Amino acid sequence: MSDSDWLSRRTVLKQAGVGAGLVGLAGCSSSGGDGGDEGDSGGEDTETEASMDETTTTSSSGSDDEVRVGFLHPTSGPFAALGEAQQRGSEVATAHVNEDLGGILGNNVRRFVEDTEGDPSTGREMARRHVETNDVDVLIGGVSGAVNLSVADYAYDVGVPYFAYGGPEEITGEECLPTTFRYQYSDAQIARSGAEWALENLGSRVWIHIADYAFGQSIARTWKDAFEASGLDYTIVNETQTPLGTSDYSAVISQIQSSDADWVLQGFSGSDAVNFLSQAEQFELGQDIMSTTNTYLPLRQGAGSSAVGTYTTIRYEPTYESEANQMLVDRYTSTFDEPPTDFALVMWSSLRLYAQAAESAGSLETSAVVSAMEGLESDEPMGSTTMRECDHQAVRDGFVGRITEPDQYDWPGQEIVATRTADDITRTCEETGCDLPSL
Amino acid sequence: MSMLETTNLHKRFGELQAVDDVNLSIDREGIHSIIGPNGAGKSTLFHLLTGYLNPTGGEIRYKDEDIAGLPPRKIVQKGISRSFQIADLFEGLTVKENLQIATQALDEKRNSLWVDSESLTTTLEKTEQLLEDIELVDLADVRADALSHGDQRKLEIGLALAVEPDLILLDEPTAGMGKQESVQMVRLIRRLVDERDIKLILIEHDIGIVMRISDRISVLNRGQIIAEGSPEEIQQNERVQEAYIGTKRGEASE
Amino acid sequence: MSTNQLAFLILNGLALSMLYILIASGFAVIFGITDVLNFAHGVFYMLGAYLAFTVVDATGSFAIALILGPLVVAGLGIGIERLTLHYIYDRSPLYHVLITFGVLLIVTDVVEFVWGTGTKFFPTPDLLGGAVSIGPVIYPRYRLFTIAAGACIAFLTWALFRYSDFGLIVRGGAQDKQTVRLMGVNISRYYTLIFGLGTFLAAIAGALAAPFLSVNPAMGDDALIIAFVVVAIGGLGSFGGSIVAGVIVGFIQTITNTFASEISGFVLYLLLFGVLILKPEGILGAYEIREQAAKLSYDRTIDPLNLTDRRVLVVLGLLLLIPLAFEGFSLSQYGMGLIALMFVWGILALSLDTVTGYTGLISFGHAAFYGIGSYAVALLTVHFTSSFVLGLAAAVTVAAVVAWLVGAVSARLSGLYFAVVTFAVGQMLYQLALSWSGFTGGSNGLAIDNVTLLGALDLSNTFVFYYLALSLLVLCYYLVKRIMDSPFGLQLKAIRESERRAKFLGYDTNKAKRRVFAISGAVGGVAGALFTTRQTFTSPDTLYWIVSGDALFAVILGGVGTLYGPIIGGAVLLGLDQALTIYFDYWRLILGAVLIFIVLFAPRGLVSFYYIFEDRLGDDDPAGGTANPETVAPRDEEEAVQE
């Protein structure tokens, strides 16, 4: 009768697939599985205890025997394409944990998905829906840094572990939180993967062009730090910016064209990057382009031939040889008939790391999981990974690559041209500025 | 002494000289009518006198004060009110609300945010009185856009009167009415104006009516005053007849 | 500056100008003739690009795509016009705006459904690929082609209006519908064709832009904003003005992009704002507000309900009881929080109704006040205090002051200009919030600590927040209702019905507009303040124009001009949105359809269903005395009962 009851039931039914809809219409009562597992909510702060008790009693299906995982994917809005890629990732990750690892603590993982619409407010609202009506044990996902930060803040408030996807260094830096973990590279790791290599191989004269928003600004900042940290000689010829969502780059491209810069650092993603790349191709821009984002499959698909020949730090490459990667590739390609992406990788590894921590803690209780997570080592598809205790950032190797002509698929591929060690690319604990508050 | 006087009043729309060097002197007493063929500039003249349009040049003196270029509301506050050729009513509101808004304009609490508009007793009393005066008591709760054409014209006059002007300019108050109705309308106007001792300036196309009720008539053609005088004098004037013959038909079809 | 740079500047400026002219011309054509601000212009542009993409994919020919795509879109435009706008040209532009907003929602989802959400790579046609050297520089061939094509299309369109019979008739019809009708021409048929032509131009612009801008679902938004700005600067309703403005805007944008890229996001808005202040009718605006084109009128008078009305009391009683009655049973925190957010949306819609429903001014920038309220609380909490009372005071004050200024700037504009100015203000603030990241947190937004009420109550507690939002909703309604019952409120109604008449009664209508804007802004600020308090977060999205569109949607959905209707509308819209996102991936499509349905068949929104129902009952018993008193008691009787 009440809205929320109906909402939560719908959410559940949505997860369970089409068949369950009929059951819902037949009036599946909320009495079915109302007994909440105390273990589920045991980790909550005392101040939210009331709410937790309430949600456990209202959840419309049993939670005794399942681990409830709340994924946040922007399946509509500006990041919709990325959100959909993430969603495919979370689907295979869940199947992997259930089928290959035997679930978590012997229980099945149940996957809930909500759409953040790429909007931080909606993201927070959806995180709230996950916690309050889906009664999840852990939150994973979000694409943009803004959504990540707002969800992380909420997750800390209610004491639920959260695996971020976004890159801003403050997520595991100045705004680090005990409940927040990140398997994804931080922007600083990415910058250090690419900066030194680019100065050595592309030249010392750099033109930085970014989109004027958090992500772009973060790229400019972290790369300049990384240039400094490399100890090499470099010159920043110019630093320019365009507003997010700019479609015409002719002014800046002609400026770069007529400058003596060796290469351009491209500080934006999505359709901005596609526009920039295709216009750079039309203008026959002479300078090399280095990016942190051209590795993304949706971007390569969007930019097509205009991305070929540009350089990028690589977040994920399906042909990378490791046993863990083979598992991901097999499962993903057999489900979706296309290679996995970075979005899938991060969902996959985040859920795996959570599962391993819960196993070793022997509980889903937040504080136990958090302790188990700190220092956890695991072999993940892109190599071995350590979840660092001081800032909850995954520490792993970095890669630089080049976009190549289409080969196996319709869109351009990428080849790894350099590998950087985890230690080289990761800031020290002191540098991060992270001071974890108490849980 | 004249109440309203214009000196070399001009209004130009691009190439068109809509009001051309008009010198008009209107006495305090009696009814003054302005006639002329379609497009002669009668309405434009009214627009200039009431501040709806700004003159391109010239002076308008009202009670010895230059009012040219003042916004309409300032001119209204000085005591000049008007009606429009096509009734401009608050169509979605009832007759009573229409008049209430109009009478409220004189109330010192007209801008108050906090008192209930139904508590302004003086305004309400005046509204009731006006309803009676314009013979719309029975239709007080009917929306203005549901009134018959004739009643809308009455309401239009009521709105113009509600602000208690000293001078009222009526732009074809009988437009679109039958002969019988027009006569009644004119009678009503005459009574209302006399009761309140308001100076009336009238634009009217029915020459018969004009001749019957006017004390003085100005004839406008192509933006210029071509004749002025008593009804008898105007009837005799050749230039007036000339100006009218060519356009008589158009004038009748309105 | 080197010749090299200068050459680039000129070519880039030309290319951008032509693109802007192309984008704006379809919008200008439709507006100039039919007085419809077509918010769906952007999606038709996008559709043109996607169809071209598909045709190129299938046939490999860009030339075919350039003809076929726009023709299909024009057909679609004609179909949409025939089914919707065609019947409501005589209604207020508010309804036109909302119909096209509904079309925007639907087409966006259809595009995402058919083509997916990713950015599509649109290869440059082979013939036009690569670059050629022009004087000192090497310039892309395709851009040169767009410059030529843009000039051609603009010229042909201009010539069509200038020299053909068709042009003569539609221009005549735009000036004076009656006369053209008397001449035996069915002008509404021409309106259909004009709409078709406008969508054709939008689509061809999209198809031409596709190879040098990418094809993605966000492209429509940009195009809409550009069209809006260019047409408003050029002068609403002046095709020549749009061309001049396109060139000016294109070059100024290029110059800014080159020399001051930090502010390039603002240029459009600054230009627009400057023009509207200095020359409100636009550079070449010969457009006179056509009387009925600006007016919002209602077929039926629906008075706001008193708080003491029995029906209102019953609803309030239920709302008060909900959290208590269900506590510990089945209503989750989430559901209660959702109802509280419905209250917030109710307040926002109420705020808009004072300006739009009561005063008849179409505001398409109410997100500005919502966002200001939201940021006021966030910034205060971050920097000074977590006191809700102080945050609310700041939100209300700042929002009221900004609203007053907006009112002051735009008071002398009426009708659709008003919509354009408010839109520009909202977008300018959005851009500001996005760019001024040191202060606003930029696109990351601002996360804040929990806000407290009177130092004791933690407002992150859903229970407490629920009652706070409910009481503020009731308080706002009480205040607004009281103001609307005042002599000032009567003035507002007078302005809505006829501003000219109100002026000729001696009212200072500009002052009244400034004041009502300030009041509306203050109430909008309350909504924003509550939103941030609930979310402990804000971001530039609170200022985005879609929020303004949603607010108008809510007002119409509930019942424009009734004060309580919009509250219902806001609540229902939020509920609908939340519910639909769970059921359907393509919920925007459904919302768009609901909006169009409401506009066409129930222009007074949900509350009118009640009155239609009441009329049915009333047929049996016109006095309404003995029928169910719950439903048929007129307002006055109801009050008498209370006393």
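Student: How far apart are the C-alpha centres of domain 1 and domain 2 of chain B?
Tutor: They lie 27 Å apart. Keep in mind that this is a predicted model.
Student: And how many residues does each domain put into the contact?
Tutor: Domain 1 of chain B gives 7 residues and domain 2 of chain B gives 8 residues. The domain 1 side divides into 6 nonpolar, 1 polar and no charged.
Student: Where do the bounds of those two fall?
Tutor: The assignment gives domain 1 of chain B as 1-79 + 165-177 + 195-254. Domain 2 of chain B is 90-164.

Student: Chain A next. Which segments make up its domains?
Tutor: Domain 1 of chain A is assigned to 64-185 + 318-396, and domain 2 of chain A to 188-314 + 398-425. Their C-alpha centres lie 27 Å apart.
Student: How many residues are in contact there?
Tutor: 13 residues of domain 1 of chain A touch 13 residues of domain 2 of chain A.
Student: Which elements give two or more residues on the domain 1 side?
Tutor: Helix 5 (80-99) and helix 7 (145-158) of chain A. Helix 5 of chain A has the largest share, 3 residues. By class, that side has 7 nonpolar, 3 polar and 3 charged residues.

Student: Let's do the sheet in chain A. What's the strand order?
Tutor: It is an open sheet of 5 strands, ordered 2-1-3-4-5, with parallel pairing. Strand 2 (108-115) and strand 5 (180-182) of chain A are the edge strands, each pairing on one side only. Neighbouring strands are turned by 25° against each other on average, direction ignored.
Student: What packs on it?
Tutor: Helix 14 (residues 342-361) of chain A does. This helix touches strand 1, strand 3 (138-141) and strand 4 (162-164) of chain A. Its direction makes about 160° with that of strand 3 of chain A.
Student: How many bridges join strand 1 to strand 2?
Tutor: 8 bridges, with strand 1 (residues 66-73) of chain A running parallel to strand 2 of chain A. Within that pair, V69(A) stands opposite R111(A).

Student: Switching to T386(A). Where is it?
Tutor: T386(A) sits in strand 12 (residues 383-387) of chain A.
Student: What does it contact, leaving aside neighbours within four places?
Tutor: G375(A), E377(A) and V395(A). A422(A) is 36 residues away in sequence, and 9.6 Å from T386(A) in space, C-alpha to C-alpha.
Student: Why does T386(A) count as partly exposed?
Tutor: Because 16 other C-beta atoms lie within 10 Å of T386(A). Buried would take 20 or more, and exposed 12 or fewer.

Student: Is D35(C) buried or exposed?
Tutor: D35(C) is buried, because 22 other C-beta atoms lie within 10 Å. Its loop runs between helix 1 and helix 2 (41-59) of chain C.

Student: Which domains does chain C have?
Tutor: Domain 1 (26-76 + 110-216), domain 2 (218-288) and domain 3 (310-574). The C-alpha centres of domain 1 and domain 3 of chain C are separated by 38 Å.
Student: How many residues does the contact between chain C and chain A take?
Tutor: 59 residues from chain C and 65 residues from chain A. Several elements of chain C each supply at least two residues to its side, among them helix 1 (3-34), strand 2 (137-140) and helix 24 (564-583). The chain C side divides into 22 nonpolar, 31 polar and 6 charged.

Student: What does L98(C) touch?
Tutor: L552(C), F553(C), I556(C), L595(C) and V599(C), not counting residues up to four places away in sequence.

Definitions and conventions. Residues are numbered from 1 along each chain as its sequence is written. Chains are lettered from A and ligands numbered from 1 in the order in which they are written. This is a predicted model: local features need pLDDT of at least 70, side-chain atom pairs count only at pLDDT 80 or more; totals for chains, interfaces and linings use all residues. Two residues are in contact if their C-beta atoms, placed from the backbone, lie within 7 Å. Helices (H or I, at least four residues) and strands (E, at least two) are DSSP runs, numbered from the N terminus. Ala, Val, Leu, Ile, Met, Phe, Trp, Tyr, Cys and Pro count as nonpolar, Asp, Glu, Lys and Arg as charged, and the others, Gly among them, as polar. Domain bounds come from an automatic or database domain assignment. Two strands pair if DSSP finds at least two bridges between them. Axes are lines fitted to C-alpha atoms, for helices over the stretch in contact, and angles run from 0 to 180 degrees between N-to-C directions.
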